[in-house]
Amino acid sequence: MSVAVITGSSGLVGSKAARFMQSKGMSVVGIDNHLREQFFGSDGSTRRITERLLHDLTDYRHYEIDVCDRDGIEGVFAHYGKAITMVIHAAAQPSHDWASQNPLTDFSINATGTLVLLEAVRRYCPGAVFIFTSTNKVYGDAPNRLPLIEMETRWEISPEHPYATHGIDEGLSIDQSMHSVFGASKLSADIMTQEYGRYFDIKTAVFRCGCITGPAQAGAELHGFLSYLIKCALTGRPYIINGYSGKQVRDIMHAFDLVHAFWHFYQSPQTGAVYNLGGSRKNNCSVLEAIRDVEALSGHKLQWSLSEQARIGDHIWWISDLRKFQQDYPGWSLQYDLKTTMTELIESIINSADPFAFDSPP
Ligand SMILES: NC(=O)c1ccc[n+]([C@@H]2O[C@H](COP(=O)([O-])OP(=O)(O)OC[C@H]3O[C@@H](n4cnc5c(N)ncnc54)[C@H](O)[C@@H]3O)[C@@H](O)[C@H]2O)c1
């Protein structure tokens, strides 16, 4: 039996990965200590997802261990040893704002926690595939230096620029830009994951994601913008847009499409691979456009206001170029469009007894 170890297994990406890998016949070991609740309060709690996984999956074991706890992590890896063929590392402190108030904790979770896991793989299951969920924030605010044009509802890149047709590729510099504390801790982990690939010959991949979402997201004010925006629209809670006139553009990817990409990589792995992955030119919107579409799809008006203050280092325009991954894995393509993703989120929140207490569907 092949074992998939999934950290952050109660979060959006981790829980989707746990269900997916089980459906592929893998035995799943989840590691999550529910820190999201401490980061974001009850809006961000993922405890119920753990309960759902334990209830729904026949071959799922859960360990409430901190990824920074070296002895605890080594204990799990020593126990399963070479039966572990896949590690998906999706546990993280995911918010810029939280990181800037707690830099030491943010760094130890995002950077040191990743190193603890890489080292456990090297010692106990060096043949395993290691997948790290990185972020487009590793490029810092470099995308803000692109030639951007303000349109009526969004920022857009100049049509003459090479990124105009397909979005931003992996060649953009990760150096000498404002990353935010969060971006810097993720970048440290990103580079260390590449290094364990190149230096130690472990099959590692870094996926630098745009916005990921799905019904299993415990969207909170500080993280999970689309999920949180929809909860606000459906419940009448006021929503604040942070800067850029609400015209900042994000590309949106359903967690299924990301996890599906992990599966393709696992079947034909490489060492030290790096990919940008997100909604691409196909699935993207500005915050204003998201509000317009959510209001049209849900029939609910969002009470929103604009704060002039943008988040430090926040992107004005981000669209991921998927071509590198698609060239390496031509069997993979995006299955979800933005409207379907939004509709799924709206329905899951309507069906939830208390959207902010969060009762996650699969
Ligand atoms: N959601 C997005 O839009 C997005 C975008 C880019 C990158 N990413 C990255 O993808 C990964 C997964 O994101 P997500 O949206 O699923 O996040 P999430 O917050 O929904 O899930 C992360 C899980 O990790 C757990 N966790 C946090 N610290 C931990 C620790 N020290 N030990 C054990 N468990 C811990 C949390 O309790 C939570 O359940 C993260 O690395 C994130 O940085 C996410």
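Modeller: Before the sheet, a ground rule: two strands pair if DSSP finds at least two bridges between them. Strands (E, at least two residues) and helices (H or I, at least four) are DSSP runs, numbered from the N terminus. The model is predicted, so local features need pLDDT of at least 70 and side-chain atom pairs pLDDT 80 or more, while totals for chains, interfaces and linings use all residues. Residues are numbered from 1 along each chain, and side-chain values use heavy atoms, without hydrogens and water.

Biologist: What makes S5 and S8 a pair?

Modeller: Strands S5 (residues 129–135) and S8 (residues 203–209) share 7 bridges in the parallel sense, and pairing asks for at least two.

Biologist: Why are H6 and H7 called roughly parallel?

Modeller: The axes of H6 (residues 103–124) and H7 (residues 180–198) cross at roughly 10° and come within 8 Å. Axes are lines fitted to C-alpha atoms, for helices over the stretch in contact, with angles from 0 to 180 degrees between N-to-C directions. Under 35 degrees counts as roughly parallel, so H6 and H7 qualify.

Biologist: What makes something a nonpolar core?

Modeller: Buried (under 20% relative accessible area, 1.4 Å probe, protein chains only) Ala, Val, Leu, Ile, Met, Phe, Trp, Tyr and Cys residues, joined through side-chain atoms within 4.5 Å. The largest has 41 residues, with Phe207 and Leu277 among those touching the most other members. H9 gives the most to this core, 8 residues.

Definitions and conventions. Angles under 35 degrees count as roughly parallel, over 145 as roughly antiparallel, 65 to 115 as roughly perpendicular and the rest as oblique. Buried means under 20% relative accessible area, exposed over 50%, partly exposed in between (1.4 Å probe, protein chains only).
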